[in-house]
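These notebook entries record what I looked up in one structure, starting with the chain as a whole and ending with a single residue.

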Amino acid sequence: MEAKEKGLQQNFLKIYEKAISLGISAEDLAALDSVKRLRNDCKTKSCFVLKPKYVLYSILVAFLAIIAGVVHLELYSKQGLARFWLTRYYNLSLVREKCIFVMPDKVIDAFRPPVDCSMCRGMKKVDRVKQLSSSTFEEKYAYSGRPVVVEDGAQNWTAMGSFSFDFFKNVYAEDSPVLESFEKNCQFFPYKTEFRNLREVFKMSDERAQMTDGSKPWYIGWSNCDPSAANILRQYYQQPYFLPVESESSKTDWIFIGVPGYGAHMHVDAVGNPSWQAQIRGNKTWTLQPPPECYMECSEVDVTIHPGEIIVLDTNKWFHKTLVIGNEMSIVIGSEYN
């Protein structure tokens, strides 16, 4: 009986709220025969009575909740409305979405938000560690902006003996979006080479790829936006063991390949999160430069990454350039983490 009465109360409440929303006044509702009969029944047994003050309280709570949502999502501004619409209904990542107009790096750098210089204050070299626990990593490096090299980060990955230029050349199907970079999450970095996309890279001769014909050095990078290829690649490596349990790597991996004598120019990224990069083959020297606002407190540092090592770096804060050294092609795979 109690359950039945509770159900009737809930149904009546819905009807009442609907009537109010349609503009029917409380006086008009009270004049209805059905309501009069309900009130007469209430004189003889317990029933639900909707008090006006409870309705007002409910409306006030709902109003405050709406205001809190508007403020939190910044829906009062054009930018907030656009962000909500694009991320909620189109599932777009505004950080990764390609711009209609590409701004020069120097212009982007000029409007970059300042960073906390504690990330580099007093740092003379990049820490090199082994057997790094997740708790220590999270406490000292994960989100502090302070770089670290984990020397045993990738040593047990089968990628160490499998990844090569030919491996990547054969892992993508002829119609893979990676080869042309025509999808929104596909990016290709030619740096200062003549290549326009990854298809052109894989069409170069073996002599050019291995630098046995006297050609000029080359270095390129791309984001792996091909799910089929990603499933294959991830059979050869895992998420770095030292990342916190609740941390997740990005679904998009980054791959950088190049020959000795070349690398990436000095730049700063705008990718949203810190990242890890595992040196699979070859050796690469990183030059890390603090942002201009930290020049008086921090110094430029160099660190060379060897096969099996992982460098963790917030490339959104540190200006950086790379140079492949030694006699072997450099292959690096990496990802962002949150």
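Entry 1, contacts along the chain. I count two residues as in contact when heavy atoms of theirs lie within 4.5 Å. The model I am reading is predicted. I took the contacts between residues at least 6 apart in sequence and found that 77% of them join residues at least 24 apart.

I noted 13 helices and 11 strands in the secondary structure of the chain. Of its 338 residues, 39% are buried. For the accessible surface I recorded about 20300 Å², with 56% of this area belonging to carbon and sulfur atoms.

I asked myself which residues have the most contacts inside the largest nonpolar core. They are Phe-137, Trp-157, Phe-163, Phe-168, Tyr-172, Leu-198 and Trp-222, in a core of 47 residues. Helix α9, which spans residues 165–171, gives the most to this core, namely four residues.

I set aside residues up to four places away in sequence and listed what Trp-222 touches. Among these residues are Phe-168, Tyr-172 and Leu-198, together with Phe-188, Phe-189 and Phe-202. The list also holds Gln-187 and Asp-253, as well as Trp-254, Ile-255 and Ile-257.

I found an open sheet with the order β8-β7-β10 and antiparallel pairing. Its edge strands are β8, at 301–305, and β10, at 319–325, and each of them pairs on one side only. From one strand to the next, the twist averages 20°. I followed β7, residues 283–289, and counted seven bridges in its antiparallel pairing with β10. Which residue of β10 is the bridge partner of Leu-288? I identified His-320 as that partner.

I located Asp-302 in strand β8. Apart from neighbours within four places in sequence, Asp-302 is in contact with Thr-285, Trp-286 and Thr-287. The side chains of Asp-302 and Thr-287 are joined by a polar contact of 2.8 Å.

Definitions and conventions
Residues numbered from 1 in each chain as written. Predicted model: local features only at pLDDT ≥ 70, side-chain atom pairs only at ≥ 80, totals over all residues. Heavy atoms only, no water. Pairing = 2+ DSSP bridges. Helix = DSSP H or I, 4+ residues; strand = E, 2+ residues; numbered from the N terminus. Axes fitted to C-alpha atoms, helices over the stretch in contact; angles between N-to-C directions. Core = buried A, V, L, I, M, F, W, Y, C linked by side-chain atoms within 4.5 Å. Buried < 20%, exposed > 50% of the residue type's maximum accessible area, 1.4 Å probe, protein only. Polar contact = N/O pair within 3.5 Å; in protein donor to acceptor, adjacent residues only side chain to side chain. Areas by Shrake-Rupley, 256 points an atom, 1.4 Å probe, with all protein chains shown as cover.
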